[in-house]
Amino acid sequence: MTFKTTDLCDDHGDSVRVLHPIFQDLGGRCDFAGPALTVKCFEDNSRIKELSQQPGEGRVLVVDGGGSDRCALLGDIIAEDLVRNGWAGALIYGYVRDRAVLAELPLAIKALGASPRKSVKRNEGQVGETVTFAGHAIRSGDQLYADADGVIILDRH
């Protein structure tokens with residue numbers, strides 16, 4: 001990638017929203033840039049699985065899992081689908097599993113941590129709704145940038 005979040009913050013001042021530094025780097029990369037596609041789900045990764053099988057077109061999958069640590073919302077199979085289908089990365093307000101495999105994939109995955117338990121599948125969850133976590137509201141289409149220094153949203157008005 002040809003950006004640094006620190007430089008974007010310096011260059012764009014108040015038009016940058018910096019997410020609270022609560023995420024761990026759990027993929028094989030730590031950087032992504034692209035428009036957000038939001039998913040709101042709680043302990044059910046049905047919508048995440050569906051989206052991972054669609055063309056990512058350089059988007060970032062932004063998941064509001066309510067911060068639940070009772071199960072993982074993303075694992076090796078979904079992450080491999082994200083890579084195969086051209087997603088730029090995943091930002092998960094929740095947990096992942098299969099950490100060793102995720103670390104080998106050419107995909108940036110930022111999440112709260114890892115948990116071995118899989119989620120349930122009840123076909124619940126909403127796609128495209130505004131989600132709020134880490135101190136900011138994130139809308140589908142918001143431009144996200146992430147690297148080892150953090151995650152930012154660059155508002156271009």
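Cys30 is partly exposed, with a relative accessible area of 26% (buried means under 20%, exposed over 50% and partly exposed in between, with a 1.4 Å probe and protein chains only). Cys41, at 6% relative accessibility, counts as buried. The model is predicted, so local features need pLDDT of at least 70 and side-chain atom pairs count only at pLDDT 80 or more, while totals for chains, interfaces and linings use all residues. Residues are numbered from 1 along each chain as its sequence is written, and side-chain values use heavy atoms, with hydrogens and water left out.

Next come the sulfur atoms. A disulfide is a pair of cysteine sulfur atoms within 2.5 Å, and a search of the whole structure finds zero of them. For Cys30, the closest cysteine sulfur belongs to Cys9 and lies 15 Å away, too far for a bond. For Cys41, the closest is that of Cys71, at 8.7 Å, which is also too far for a bond.

Strand E3 covers residues 32-40. Helices (H or I, at least four residues) and strands (E, at least two) are DSSP runs, numbered from the N terminus, and two strands pair if DSSP finds at least two bridges between them. E3 pairs in the parallel sense with strand E4 (residues 60-64) over five bridges, where Ala36 has Val60 as its bridge partner. From E3 the chain passes through helix H2 (residues 46-52) to E4 in a right-handed β-α-β crossover; right-handed means that, with the strands pointing away from the viewer, the path from the first strand over the helix to the second runs clockwise.

Antiparallel pairing also involves E3. Four bridges join E3 to strand E11 (residues 143-147), with Gly34 opposite Leu144. Two bridges join E3 to strand E8 (residues 126-127), where Lys40 is partnered by Gln126.
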